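Hi everyone, thanks for making time this morning. Let me put the model up on the screen before I start talking.

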Amino acid sequence: MTHLSSTSGTNGPGTAYGAGPSGGTSGPGPGAAPPPVAVTTAGLPSWITPVADAAARVEPSQMSRFLPPEDGAGRQSAVLILFGEGRSAADGGLGPELLLMERAGSLRSHAGQPCFPGGALDPEDGDPRTHGPVRAALREAEEETGLDPAGVQVFGVLPRLYIPVSGFVVTPVLGWWREPSPVRVVDPAETASVFTVPVAHLADPAHRVTAVHPRGFRGPAFLVGQALVWGFTAGVLDRILHFAGWERPWDRDRTVPLDWHA
């Protein structure tokens with residue numbers, strides 16, 4: 001797995017959240033509504049523009065067949081899909097990468113799975129229909145990886161999706177790691193590892209497979225070192241690669257079981 005380098009990316013706007021706070025542990029006073037969180041595409045590097053453009057036009061049904069229940073059921077949550085710029089081990093040049101983490105194997109839900117940082121909304125995050133998911137994604141990323149949210153520019157929000165097995169309604173929040181900060185495992189009881197993966201690695205057909213669940217579920221997956229990225233995370237990555245124009249033809253008949261590394 002490719003671990004985070006200290007290379008700084010292209011500078012964007014002067015603040016990560018516009019009129020909002022720096023997004024760290026300080027928040028509004030008791031009983032006060034949290035301030036709005038800016039979502040802006042200003043100053044993004046040119047290579048990330050296709051992702052921002054796709055986020056502005058993609059329909060929920062184009063992202064997944066699992067959409068939030070119409071009756072409003074489900075636990076509101078958010079994940080941070082954070083794009084940075086890292087140095088490639090192959091040629092030493094800079095290239096886009098994504099921040100991922102691996103959940104601890106002792107957890108009751110999605111144990112041992114590579115995933116985006118994120119989690120359920122807390123009351124202090126605010127309205128789940130407006131800026132609540134953005135605040136939650138940044139807060140959870142800080143709690144899980146030690147990320148400094150002040151260096152993150154949120155540039156888009158994808159449609160809310162649904163994870164039937166856990167009942168979570170997930171809002172994917174897109175971020176540009178404008179000012180990279182060190183990341184680490186904050187709580188080993190929740191997180192096994194924190195790492196970055198080059199987008200070029202994910203788009204490489206050699207690293208793309210179809211994962212087969214023992215119950216028959218089949219879906220896109222990615223081979224990342226000794227890990228298999230599958231499920232919700234892989235599904236979102238698959239759609240981002242597709243709609244950003246980064247997808248390359250790959251063999252969808254190449255299958256692996258979820259215990260492929262055993």
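A quick word on the ground rules. This is a predicted model, where local features need pLDDT of at least 70 and side-chain atom pairs count only at pLDDT 80 or more, while totals for chains, interfaces and linings use all residues. Residues are numbered from 1 along each chain as its sequence is written, and side-chain values use heavy atoms, with hydrogens and water left out.

Let's begin with helix H1, residues 49-57. Helices here are DSSP runs of H or I with at least four residues, strands are runs of E with at least two, and both are numbered from the N terminus. Which residues of H1 are buried? They are Val51, Ala52, Ala54 and Ala55. By buried I mean under 20% relative accessible area; exposed is over 50%, and partly exposed is in between, using a 1.4 Å probe and protein chains only. Looking down the axis of H1, the buried residues fall within an arc of 160°, so they line one face of the helix. That arc is taken from the directions from the helix axis to the C-beta atoms. As a reminder, an α-helix has 3.6 residues a turn, so residues three or four places apart point the same way.

Now to the strands. S5 covers residues 152-157, and five of its six residues are buried. S5 runs antiparallel to S7, residues 168-177, and five bridges join the two; strands count as paired if DSSP finds at least two bridges between them.

On to the charges. A salt bridge here is a side-chain nitrogen of Lys or Arg within 4 Å of a carboxyl oxygen of Asp or Glu, and that rule gives 10 of them. One of these joins Asp125 and Arg139, at 2.8 Å from N to O. Asp125 sits in the loop between strand S4 (118-120) and helix H3 (132-145), and Arg139 is in H3, so the pair ties together parts that are 14 residues apart in sequence. Asp125 is buried at 2% relative accessible area, and Arg139 is buried too, at 12%.

Arg139 also forms a salt bridge with Glu140, with the closest N and O atoms 3.2 Å apart. Through shared partners, Asp122, Asp125, Arg139, Glu140 and Glu143 join into one network.

Finally, Arg129 forms a salt bridge with Asp127, at 3.1 Å between the closest N and O atoms. Here Arg129 is exposed at 74%, and Asp127 is partly exposed at 26%.
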